[in-house]
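Here is my note on the model you sent. Please read it with the structure open beside you.

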Amino acid sequence: MPASPAEAASAVVGVASAAAAASAPADFQPGPEWPASTRLDYKLRGNYRGTVTGRARVEWLREGRRYQVHLEVAVGPGFAPLIARTMSSEGVLTPLGIRPERFDEDTRILLAARRRLTLQFLDRELVFPNGRREWAPPGVQDAASQFVQLTWLFLTGRETPRPGHEIRLPLALPRKLYAWRYVVEGEEQLDTPMGPLAAWHLRPLAENTGSDLRAEVWLAPSLQYLPVRLMIRQDEQTWIDLMLQSAPLQAAP
C-alpha cells in the first residue's frame, strides 16, 4: 500500500544541501501559508492515438523547510498502462517561495525504451539533461513545482486572481528554459465528483514549446487554491485532462 502523506513526508528530512541552506536566513521556518503534506487523486481522460483513460496522483510533501512534489500519470489500464510518467521535484522553501534543487522525469511507454531525465538547479545555474548549463533566473520553477508555487502565490495574496491578470513564472523544462506566463481566464464552475466547485482557470502563454508539455490549471479557493483540474497538452492530438476525483487527503498541520 502507498505510504500516507505524513509517513512519506518524514523521508524528506535530512536531504538539505549547502546551496539550499544559503537560499534563506538560517532561522527561516515556513509558516501556515504552505499547505500541509497533501495527496490529490485524479481521474484521467485524453487522446493518445485515440481516446484513452487512466489515473493520476499528485503528492505534496513538506517537512520543515524541505519539500517534494510528485506527479504520477498512468494512461491505460492499471495492470499494463500504455504510458506511465512520474515527475518529481525536490528542494527548499524560502521567503520567496519554492526553490527547486532537482527535477526528475521517468517515462515508460509500452514496448519502448524507458527514458529518465534529470534537471539540476544549482545556486545560480541550471544543468539540463544533456549537460548544457544556463543561468538560473530568480524564482525559476520546474514542471512539478510550478503548481504549488502558484498555490502559494494566491494563498499569500502575492498574486490576486482576476480575469486578464498575467503571472510571470520562469519555467525550466527538460529541453530549455522558458519565460513562462499564465493568464487568468476567469473563475469557472467545475462539475466534479464532489459536486460543483468554483476554480480559477489559468492558461499558459509561452513561445513555441515543441515537444515540451503545456499545462492549463484550475485552482480552487475553497481547497487552498490546490489544482482541482489539469489539462496537459503536447499538441492538438495529444493531451490528457485530469479531474480531482475525491477530497484532498491532507496530513495534520
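1. Start with a term. Two strands are said to pair if DSSP finds at least two bridges between them. With that in hand, look at Ala 56: its bridge partner is Val 73, in β3. Keep in mind throughout that this is a predicted model.

2. Now the whole chain. It holds three helices and 15 strands. There are 253 residues, and buried ones make up 50% of them. The accessible surface comes to about 12,300 Å². Carbon and sulfur atoms account for 53% of that surface. Take the contacts between residues at least 6 apart in sequence: 51% of these join residues at least 24 apart.

3. Strand β1 covers residues 38–47, and strand β2 covers residues 51–63. These two are antiparallel and share ten bridges.

4. Which residues take a positive phi in the two hairpins? In the hairpin of β1 and β2, it is Arg 49, with a phi near 55°. Three residues lie between those strands. In the hairpin of β2 and β3, Gly 64 in the turn has a positive phi of about 65°. Here two residues separate the strands.

5. The largest nonpolar core has 63 residues. Those that touch the most other members are Trp 60, Leu 126, Tyr 182, Leu 202, Val 217, Val 228 and Leu 242. Pick Val 217 and display its surroundings. Setting aside residues up to four places away in sequence, Val 217 touches several others, among them Phe 147, Leu 150, Tyr 182, Trp 200 and Leu 202. Its list also includes His 201 and Arg 229.

6. Is Val 92 buried or exposed? Its relative accessibility is 2%, so Val 92 counts as buried. Gln 68 is 24 residues away along the chain, and its C-alpha atom is 8.7 Å from that of Val 92.

7. Then the charges. Side chains of opposite charge can pair when their charged atoms come close. The model has 18 salt bridges. One of them joins Glu 105 and Arg 115, whose closest N and O atoms are 3.0 Å apart. This pair links distant parts of the chain: Glu 105 belongs to strand β5 and Arg 115 to strand β6, ten residues apart. The partners differ in cover. Glu 105 has 7% relative accessibility, so it counts as buried. Arg 115 has 40%, so it counts as partly exposed.

8. A second salt bridge connects Asp 106 with Arg 114. Their closest N and O atoms lie 2.6 Å apart. Why does Asp 106 count as buried? Because its relative accessibility is 15%, and buried means under 20%. Arg 114 is partly exposed, with a relative accessible area of 44%. Elsewhere, salt bridges with shared partners join Arg 39, Asp 41 and Arg 57 into one network. Within it, the side chains of Arg 39 and Asp 41 meet at 3.7 Å, N to O. Both Arg 39 and Asp 41 are buried.

9. Turn to the surface. Leu 82, Leu 110 and Leu 111 form a nonpolar patch there. Together they have about 340 Å² of accessible area. Leu 111 lies in the loop between β5 and β6. Its relative accessible area is 86%, so Leu 111 is exposed.

10. Last, a loop residue. Gln 237 is found between β13 (226–235) and β14 (238–244). At 52% relative accessibility, Gln 237 counts as exposed. What does Gln 237 contact, leaving aside neighbours within four places in sequence? The residues are Asn 47 and Tyr 48. Gly 50 is 187 residues away along the chain, yet its C-alpha atom is 8.7 Å from that of Gln 237.

Note on methods:
Residues numbered from 1 in each chain as written. Predicted model: local features only at pLDDT ≥ 70, side-chain atom pairs only at ≥ 80, totals over all residues. Heavy atoms only, no water. Patch = residues over 30% accessible without salt bridge, like charges linked within 9 Å, V, L, I, M, F, W, Y side chains within 5 Å. Areas by Shrake-Rupley, 256 points an atom, 1.4 Å probe, with all protein chains shown as cover. Salt bridge = Lys/Arg side-chain N within 4 Å of Asp/Glu carboxyl O. Helix = DSSP H or I, 4+ residues; strand = E, 2+ residues; numbered from the N terminus. Buried < 20%, exposed > 50% of the residue type's maximum accessible area, 1.4 Å probe, protein only. Contact = heavy atoms within 4.5 Å. Core = buried A, V, L, I, M, F, W, Y, C linked by side-chain atoms within 4.5 Å.
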